[in-house]
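Notebook open, structure loading. I want to look up a few things and jot down what I find.

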Amino acid sequence: MKRPPLPVIVIAALLILAGLAGLVGDFMNGYPISANHYETALIAGVHLLAIVAGAFMLRGHNWARWLALAWMAFHVAISVGHWQQFVPHAILFALFAYGLFRVDARGFFQPASPDARQS
């Protein structure tokens, strides 16, 4: 198995930590547990997506790279109109895109060639 480039490791770790912190923080503070169970499940799902994206990126799954970028784009979109949240989310989105689509990262996420699998 190929070793992930440093930017992929850092972004994956940030996603896993953000997802875990979101789950633990929300449920330790009693939010989002509410009468609206749909909202609770949706928020927990967003946190779980971050964990899944980070974990599978470390394993070289290309779909996880796209999930990570979509997860960050979602945060940019929901923070529009709130400049203290929008600016950091937009900067992180740009850094994620750069780090996940660099030449070394693209190579890491490419499937192994048939010749490499046989050796």
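Is Trp-83 buried or exposed? I looked it up: Trp-83 is exposed, with a relative accessible area of 57%. My cut-offs are under 20% relative accessible area for buried, over 50% for exposed and partly exposed in between, with a 1.4 Å probe and protein chains only.

Ground rules, before I go on. This is a predicted model, where local features need pLDDT of at least 70 and side-chain atom pairs count only at pLDDT 80 or more, while totals for chains, interfaces and linings use all residues. Residues are numbered from 1 along each chain as its sequence is written, and side-chain values use heavy atoms, with hydrogens and water left out.

Next I checked the overall layout. I found six helices and zero strands in the chain; both are DSSP runs numbered from the N terminus, with at least four residues (H or I) for a helix and at least two (E) for a strand. Of the 119 residues, 31% count as buried. I also looked at contacts (heavy atoms within 4.5 Å). Among those with a separation of 6 or more, 64% join residues 24 or more positions apart.

Then I went for the rings. Rings of Phe, Tyr and Trp (its six-membered ring) pair if their centres lie within 6.5 Å; planes under 30 degrees apart are stacked, over 60 edge-to-face and the rest tilted. How many aromatic pairs does this rule give? I get four. In one of them, the ring centres of Trp-66 and Phe-101 are 4.9 Å apart and the planes sit at 65°, so I call the pair edge-to-face. Trp-66 is in helix H3 (residues 62-78) and Phe-101 in the loop between helix H4 (83-100) and helix H5 (103-109), so this pair ties together parts 35 residues apart in sequence.

Phe-86 counts as partly exposed at 22%.

Last, charges. Side chains of opposite charge can pair when their charged atoms come close. For a salt bridge I need a side-chain nitrogen of Lys or Arg within 4 Å of a carboxyl oxygen of Asp or Glu. I count one: Asp-104 with Arg-102, the closest N and O atoms being 3.0 Å apart. Asp-104 is partly exposed at 34%, and Arg-102 is partly exposed at 28%.
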